[in-house]
Amino acid sequence: MESKSHWEKVYREKEPDGVSWYQEHAERSLALIDKYRPQTDAQLIDVGAGASTLIDDLLRMGYQNLTVLDISAAGLNVARERLGAEAERVSWIEADITSASLPRHRYDLWHDRAVFHFLTEPEDRAKYIQVMSASLKPDGIAIIGTFAEEGPSQCSGLPTERYSAASLATVLGDQFEALESAYEVHLTPNGRTQQFLYGCFGMRSNVVPTR
């Protein structure tokens, strides 16, 4: 995982809506979360959230048990300040996801948009998957948004990995069952396009939703 200092510098030097991954509303993520975990008392964690507005919209949708994790204190502070008093309703964790200590079997749903593709070393991916597997409930869901095969090979000055639906499923391993995938063309604040892949996975005991 890239150093904490890199991401602190990114959030100090750029406006929240100036980073390439910015979305005013994370509509694809919101739709998938609502599909797989519509219960508003579900335990949700947004990994690598930074200053993302996803948490704002989840609060508006009535979700009560929300955790936000990011390596950057500056990114988390942007989100906290934007939410004001509502920030008290969220659990905030400043940590590197490859070494984070999270409660075992705590979360019903794990969401990550634009973190996993920065893990270019196999050992970092293995650590991430270990943390995710241990912290999800036996019937937990993982939603991972990462660069697709035609996505950029670099982002924020760092190299990235790119995935197809099949290759992402292979990397996550047999403990996860691929439920669905979707592609999205993201328009960055500077007008460039990035192709994203969203993969939805269940722990092997998971039952596919009927919605």
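How many nonpolar, polar and charged residues does the lining of the second largest cavity have? The points below start there; note that the model is predicted.

1. The lining of the second largest cavity has eight nonpolar residues, two polar ones and one charged one. Its members are Ile33, Leu44, Ile45, Asp46, Leu54, Ile55, Leu58, Leu66, Thr67, Leu109 and His111. Two or more of these residues come from each of β1 (43–47), α3, β2 and β4.

2. The largest nonpolar core has 36 residues, and Ile33, Leu44, Leu58 and Trp92 have the most contacts inside it. At least two core residues are supplied by each of the helices α1 (4–13), α2 (27–36), α3 (54–60) and α4 (73–83). The strands β2 (65–70), β3 (90–94), β5 (136–147) and β9 (193–203) each do likewise. Another core, of 27 residues, lies apart from this one and includes Ile45, Tyr107, Leu172 and Phe176.

3. Ile33 deserves a separate entry. Beyond its neighbours within four places in sequence, Ile33 touches Pro38, Leu44, Leu54, Leu58, Tyr63, Leu109, His111 and Ile143. Ile33 is also among the residues that line the second largest cavity, as are Leu44, Leu54, Leu58, Leu109 and His111.

4. Next, the loop between β3 and β4 (107–113), where Thr98 is placed. Is Thr98 buried or exposed? Thr98 has a relative accessible area of 11%, and because the limit for buried is under 20%, Thr98 counts as buried. The side chain of Thr98 makes a polar contact of 2.8 Å with that of Asp96.

5. His105 lies in the loop between β3 and β4 as well. Its phi is near 50°, a positive value in a residue that is not glycine. Most residues other than glycine have a negative phi, so this backbone angle is one to check. His105 is partly exposed, with a relative accessibility of 36%.

6. Ala114 also has a positive phi, of about 80°, and is not a glycine. Ala114 sits in the loop between β4 and α5 (122–135). At a relative accessibility of 11%, Ala114 is buried, whereas His105 is partly exposed.

Methods: Residues numbered from 1 in each chain as written. Predicted model: local features only at pLDDT ≥ 70, side-chain atom pairs only at ≥ 80, totals over all residues. Heavy atoms only, no water. Core = buried A, V, L, I, M, F, W, Y, C linked by side-chain atoms within 4.5 Å. Buried < 20%, exposed > 50% of the residue type's maximum accessible area, 1.4 Å probe, protein only. Helix = DSSP H or I, 4+ residues; strand = E, 2+ residues; numbered from the N terminus. Contact = heavy atoms within 4.5 Å. Polar contact = N/O pair within 3.5 Å; in protein donor to acceptor, adjacent residues only side chain to side chain. 1 Å grid on protein atoms, 1.4 Å probe; cavity = no way out; pocket = protein on both sides within 12 Å on 5 of 7 lines; lining within 4 Å. Nonpolar A, V, L, I, M, F, W, Y, C, P; charged D, E, K, R; others polar.
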